[in-house]
Amino acid sequence: MCLSIPSQVVSIDEKNNTCIVDTMGTQREASLDIFKEKIEIGDYVLIHIGYVMNKISKEHAQESLELYQQMVEAIQREDEDA
Amino acid sequence: MKMLELKQLYQGFRDPKSILAWSEKIKQEAKDLKCKIRVMEVCGGHTHSIMKYGINQLIEEVFEFIHGPGCPVCIMPKNRINHAVLLAQEENVILATLGDMIRIPSSKGSLSDARSKGADVRFVYSPLDLLKIAKENPNKTVIYFAIGFETTTPMSAALLERVEREGIKNILFHINHVLVPPPMEAILQNQDVHIDAFIAPSHVSVIAGSKIYEPFVSKYRIPTVVAGFEPVDLLEGLWMIVQQVKHREARLENQYKRSVSFEGNLLAQEKIEHYFELRESFMWRGIGEIPYSALRLKEKFAQYDAERVYDLPYEVVKEPKGCICPQIISGVAKPLSCKLFGIVCKPTSPIGSCMVSSEGVCNAYFRYGNLL
Ligand code: SF4
Ligand code: SF4
């Protein structure tokens, strides 16, 4: 029930304090009522039951993905050596 | 830095090669450990990732998974469900709630039974939907049966804020918001449960911050890692636990740095503070009464509180015969020890809440049973 879904901000409606987000092709409205930071079009956010909960840091996500990639490569190298 | 695409966020953290690489790394790290690490995943979302991606099998020589109380649907005591049913049966009431709540049976039946007998019970995707329902039904009282951990509490507060600001007169709240650390503490005090480490849910900490676990980690000296729900996040979190166990440490760590900070979402916390206060005690299904483990509306918002507006009884309701949900939720038993599992009790005909909730433990065992 409460797993949050990563989505991308498509447009922002300041008057109603909402935004439209895209979740893998599905667009929907999400409230910004519990989100204080500045938000921009293109940001990745976590949506939970219709509310933006937080931003996803692209830097941290990218760093993790690169680390995983290195691990996979290291293991493949070991396999080749073996 | 390269531009990150949403697709990578999904797939990168579920990549089978990375899953294998992490499990190899964990096994390597754990080579010298003498016994399995008994880790409790507090939230059913983690249980599902573990079973769905076969993580329990990949690293079975390192970890034994103990399933925790982490589902607001599973732990909802029957007397609260009875409240929901009673409220739904009131005249001119529309009762709205989230998730699998409407299917959980209680001694007065389930909300879905009440609906088939004519009550107006609605399942909403977001508490915001209540605003629309209330405006479309000005002559009815719309009651929000609010459930969930720290993750969903600020949304109830934000809804109430809108209700106040827009002067809406026909929305009431029945608050069942619960907190994650108190049941973790209660479980540790149970002599029959032995736990070496905790994997704590990231979504709770996105709102409340990883700080909520700090007092508990220093008091009980138990490794606790806040981890995301994607399989690779979870594996990284488990690897952090192996590191701590190996070095005999007991720290609070945060794997899900891409969205969780120590402080959490302060605006959300302010809103919770404004509207809610701790209940002296709350009954948890399977665990019993736990002091200061849930929230209610403050007295000054009594006019919005369905528990004060309606006269609702406090009853103690027994569990269905043979169902061992209470033991499962408190980490003492696993679904396979339940005699009803898969025979009488299935997702299509659930007996207890652990099978009803799509994130419940019995449901996960049933769904991914071939991976056991
Ligand atoms: S509903 Fe699911 S995600 Fe939410 S707390 Fe329960 S098990 Fe975890
Ligand atoms: S299998 Fe069904 S009856 Fe048994 S513990 Fe799980 S929910 Fe209860």
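Predicted model: local features only at pLDDT ≥ 70, side-chain atom pairs only at ≥ 80, totals over all residues.
Local features are given only at pLDDT of at least 70 and side-chain atom pairs only at pLDDT 80 or more, while totals for chains, interfaces and linings use all residues. Residues are numbered from 1 along each chain as its sequence is written, chains are lettered from A in the order in which they are written, and side-chain values use heavy atoms, with hydrogens and water left out.

View 1. Helices (H or I, at least four residues) and strands (E, at least two) are DSSP runs, numbered from the N terminus. Two strands count as paired if DSSP finds at least two bridges between them. Strand E3(B), residues 93–97, runs parallel to E5(B) and pairs with it over 5 bridges. In this pairing, Thr97(B) stands opposite Phe145(B). Strand E6(B), residues 171–177, is also parallel to E5(B), and 7 bridges join the two. Val142(B) has Ile171(B) of E6(B) as its bridge partner, and Ile147(B) stands opposite Asn176(B). Between E5(B) and E6(B) the chain passes through helix H8(B), residues 153–165, in a right-handed β-α-β crossover. Right-handed means that, with the strands pointing away from the viewer, the path from the first strand over the helix to the second runs clockwise.

**View 2. The two faces of strand E6 of chain B.** In a regular strand the side chains alternate between the two faces of the sheet. Ile171(B), Phe173(B), Ile175(B) and His177(B) point one way from E6(B), and Leu172(B), His174(B) and Asn176(B) point the other way. E6(B) is largely enclosed by the rest of the structure, because 7 of its 7 residues are buried.

**View 3. The interface of chain B and chain A.** Contact means heavy atoms within 4.5 Å. On this basis 54 residues of chain B are in contact with 45 residues of chain A. The two chains bury about 4,300 Å² between them, 68% of it on carbon and sulfur atoms; buried area is the accessible area (1.4 Å probe) that two parts lose on being put together, summed over both. Leu4(B), Leu6(B) and Tyr125(B) supply 15% of the area that chain B buries against chain A, more than any other three residues. Between the chains, 11 residue pairs are in polar contact, with both residues at pLDDT 80 or more. A polar contact is a pair of N or O atoms within 3.5 Å; within protein, one must be able to donate a hydrogen and the other to accept it, and residues adjacent in sequence count only if both atoms are side-chain atoms.

**View 4. Salt bridges between the chains.** Side chains of opposite charge can pair when their charged atoms come close. A salt bridge is a side-chain nitrogen of Lys or Arg within 4 Å of a carboxyl oxygen of Asp or Glu. The rule finds 2 salt bridges across the interface of chain B and chain A. One joins Arg162(B) and Asp33(A), at 2.8 Å from N to O. Arg162(B) lies in helix H8 of chain B, and Asp33(A) in the loop between strands E3 (26–31) and E4 (44–48) of chain A. Both Arg162(B) and Asp33(A) are buried. These residues also belong to a network of salt bridges with Lys135(B) and Glu166(B). Glu270(B) and Lys36(A) meet in a salt bridge at 3.6 Å, N to O. Glu270(B) is partly exposed at 45% relative accessibility, and Lys36(A) is exposed at 56%.

**View 5. Helix H13 of chain B and its surroundings.** Asn265(B) caps the N-terminal end of H13(B), with a side-chain oxygen 3.2 Å from the backbone nitrogen of Leu267(B). The buried residues of H13(B) include Leu267(B), Ile272(B) and Tyr275(B). The buried residues of this helix pack against H8, H10, strand E10 (276–278) and strand E13 (295–297) of chain B. Arg296(B) and Glu277(B) form a salt bridge at 2.9 Å, N to O. Arg296(B) lies in E13(B) and Glu277(B) in E10(B), so the pair ties together parts that are 19 residues apart in sequence.

Technical notes:
Buried < 20%, exposed > 50% of the residue type's maximum accessible area, 1.4 Å probe, protein only.
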